[in-house]
Amino acid sequence: TATVDLTTDTVGFAELDVSATTTDGIISGTTSDELTFGDDTPTVTSADYPPDAPGGGIGIPGTFHFGAPLPNAVSYTYSVDGGPSTTVPAAADGTADAVYTPTAEGFQTMSVTVMYADGLVSAPTSYFLVVASSAPNVSCDANDPAPGDVIHCTFTPVQPNAVSYVYTVNQGADTDVPAGTDGSATVAITAADAGFGGLPIE
């Protein structure tokens, strides 16, 4: 008998063909067997930024958990939308956590590879996240006021550490208002005419 170790750089099915040679040089027929090589790419999960669903926001850090399907993972390398790569070491159980803080909202792609102890680097896994809008929430006590009515609107932040807001009424002049200690602000606006309209807030 003979035992061999097989290494492949591909994932999926492979055919193994084996023949035997005797001491007097006679070569046997060939036996074929089909092998299945599993995926070596890492897994990615995040409770803060779930896949394909809005989460977090600009400036809000999220934790991403990396795992490997094979033993002896030593590190993971990730990048977002082709940006700079960051490498994090794997723990004793072969997993790792990385913290990523988005600087833009919308759809983003995190690419992650894993390196194993033998130096093998996996193909990348693509993780699709959606950074939620950072626009503040607005709540007003009237939506259809008459001319001269005073409307009170409260702005609450989505991002942490809000210090001020800028708002306009019907594309008028910008008005800057400071945020309170809880990050919110309330303003009183007088409706100038019928059809008091949109309130863009930054």
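The model is predicted, so local features are given at pLDDT of at least 70 and side-chain atom pairs count only at pLDDT 80 or more, while totals for chains, interfaces and linings use all residues. Residues are numbered from 1 along each chain as its sequence is written, and side-chain values use heavy atoms, with hydrogens and water left out.

**Surface patches**

- A patch of negative charge on the surface gathers E15, D17, D33 and E34, where Asp and Glu count as negative, Lys and Arg count as positive, and His and the chain ends are not counted.
- Patches are made of residues with over 30% relative accessible area and no salt bridge, like charges being joined within 9 Å and nonpolar side chains (Val, Leu, Ile, Met, Phe, Trp, Tyr) within 5 Å; a salt bridge is a side-chain nitrogen of Lys or Arg within 4 Å of a carboxyl oxygen of Asp or Glu.
- D33 has its place in strand β2, and it counts as partly exposed because its relative accessibility is 45% (buried means under 20% relative accessible area, exposed over 50%, and partly exposed in between, with a 1.4 Å probe and protein chains only).
- A nonpolar patch on the surface is formed by V74, M115 and V121, which together have about 210 Å² of accessible area, as computed by the Shrake-Rupley method with a 1.4 Å probe.
- M115 lies in strand β9, residues 106-116 (strands are DSSP runs of E with at least two residues, numbered from the N terminus), and with 32% relative accessibility M115 counts as partly exposed.

**Contacts of buried side chains**

- Q108 also belongs to strand β9, and it is buried, since its relative accessible area is 6%.
- The side chains of Q108 and Y100 are joined by a polar contact of 2.6 Å, that is, a pair of N or O atoms within 3.5 Å, of which, within protein, one must be able to donate a hydrogen and the other to accept it, residues adjacent in sequence counting only if both atoms are side-chain atoms.
- A polar atom of the Q108 side chain also lies 2.7 Å from the backbone oxygen of A104.
- S184 is placed in the loop between β14 (175-178) and β15 (185-190); it is buried, with a relative accessible area of 16%, and its side chain makes a polar contact of 2.8 Å with the side chain of D182.

**Chain approach**

- V166 lies in strand β13, residues 164-167, and counts as partly exposed at 23% relative accessibility.
- The C-alpha atoms of V166 and D176 are separated by 4.4 Å, although these residues are 10 residues apart along the chain.

Conventions
The place of a charge is taken as NZ of Lys, CZ of Arg, CG of Asp or CD of Glu. Helices (H or I, at least four residues) and strands (E, at least two) are DSSP runs, numbered from the N terminus.
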